[in-house]
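Dear colleague,

Here is the structure I promised to hand over, and below it you will find what came out of looking through it. Please read the notes with the model open beside them.

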Amino acid sequence: MAARPTWKGYLKISLVNIPVRVFPATDAAATISFNQLHRECRTRIQQKRWCPTCQMEVANTDLVKGYEFEKGKYVVLDEEDIAKVRPESTRVINIVQFADASLIDPVYVERPYYLAPDGNVAAEAFAVMREGMAGKAAVGKVALYGLVMYTLRHASEVRAMDAIDELKSVPAKIKPDEVKLARQVISNFESEGDLTQYQDDYQNELRKIVDAKIAGEEIVAPVEEAPPKVVNLMDALRQSLERVSSTKKQPAKIAEGAEKAAPKKRAAR
């Protein structure tokens with residue numbers, strides 16, 4: 001059965017925007033799970049939500065989310081509050097650096113995903129960037145969790161890339177000039193693979209919402225960004241290089257007084 005995407009958005013590399021779909025690289029259905037049964041009659045038990053104060057079962061419609069900011073004291077966040085937790089962009093994977101794949105410490109890897117182009121129009125640009133970053137890891141602006149320990153999966157749990165139908169539309173032949181230009185853009189974002197500089201933007205924004213609720217302040221939702229426009233790949237790559245060139249340090253100007261200074265006389269032989 002073909003895999004289903006869990007997220008749709010854009011892969012942004014400088015001025016290049018590629019519509020993509022994200023697929024889990026693992027299959028939870030490959031593992032055996034168990035249900036809890038009553039030993040006497042082999043009936044599956046029910047988990048009931050019980051309020052010890054009111055001595056009654058609580059329906060799902062009467063449940064709210066509460067954060068304990070002091071012992072026994074809670075601040076309640078409703079769905080509207082949660083919806084206001086919006087990092088800088090919710091639909092864009094903004095690539096901020098590239099590094100050799102061998103330099104990425106696996107302790108930062110939490111969950112693998114496959115990226116595939118979203119539509120035939122994106123397939124060509126996807127193929128060019130994939131070829132351009134061969135052997136490199138792209139680091140995007142995402143929430144990272146440092147893990148002290150990680151486990152390996154069995155082969156049966158890993159979903160094959162053949163299950164991603166969208167990857168079948170990626171062209172095998174691509175233009176060498178486009179790949180060359182893509183590699184130039186990628187080289188401007190290369191680094192040593194330092195991941196310590198990134199933070200979990202969602203948790204930071206959620207903390208601000210909680211603090212505002214505790215202080216009784218009004219919570220203002222940020223304006224959601226419009227999805228980026230997909231432009232011609234070569235134009236986007238050229239504009240990306242031009243932008244990098246314009247931001248590079250300009251040579252110091254010659255002082256006006258120095259320009260008017262008379263040339264020094266040569267020593268007589």
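**What was found**

At 12% relative accessibility, asparagine 17 counts as buried, where buried means under 20% relative accessible area, exposed means over 50%, and partly exposed lies in between, with a 1.4 Å probe and protein chains only. Asparagine 17 belongs to strand β2; strands (E, at least two residues) and helices (H or I, at least four) are DSSP runs numbered from the N terminus. The C-alpha atom of asparagine 17 is separated by 9.0 Å from that of alanine 122, although the two are 105 residues apart along the chain.

Before going further, please note that this is a predicted model, in which local features need pLDDT of at least 70 and side-chain atom pairs count only at pLDDT 80 or more, while totals for chains, interfaces and linings use all residues. Residues are numbered from 1 along each chain as its sequence is written, and side-chain values use heavy atoms, with hydrogens and water left out.

Alanine 122 is one of the buried residues of α2, and among the others are Phe126, Val128 and Met129. Helix α2 covers residues 120–132, and its end C-alpha atoms are 19 Å apart, which agrees with the 18 Å that its 13 residues should span at 1.5 Å a residue; the expected span is 1.5 Å times one less than the number of residues.

The largest nonpolar core has 34 residues, and those with the most contacts inside it are Leu11, Ile18, Met129, Ile164 and Leu237. Such a core is a set of buried Ala, Val, Leu, Ile, Met, Phe, Trp, Tyr and Cys residues joined through side-chain atoms within 4.5 Å. Helix α2 gives the most to this core, with six residues. Leucine 237 touches Met129, and its other contacts (heavy atoms within 4.5 Å) include Val16, Leu181 and Val185, with residues up to four places away in sequence not counted. A second, separate core of six residues includes Val75, Leu77, Leu206 and Ile209.

Most residues other than glycine have a negative phi. Arginine 42, however, has a positive phi near 60 degrees, and is found in the loop between β2 and β3, where it is exposed at a relative accessible area of 58%. Glutamine 55 likewise has a positive phi, near 50 degrees, and lies in the loop between β3 and β4.

Finally, the structure holds zero disulfides, a disulfide being a pair of cysteine sulfur atoms within 2.5 Å. The sulfur of cysteine 51 is 3.9 Å from the closest cysteine sulfur, that of cysteine 54, which is too far for a bond.

With kind regards
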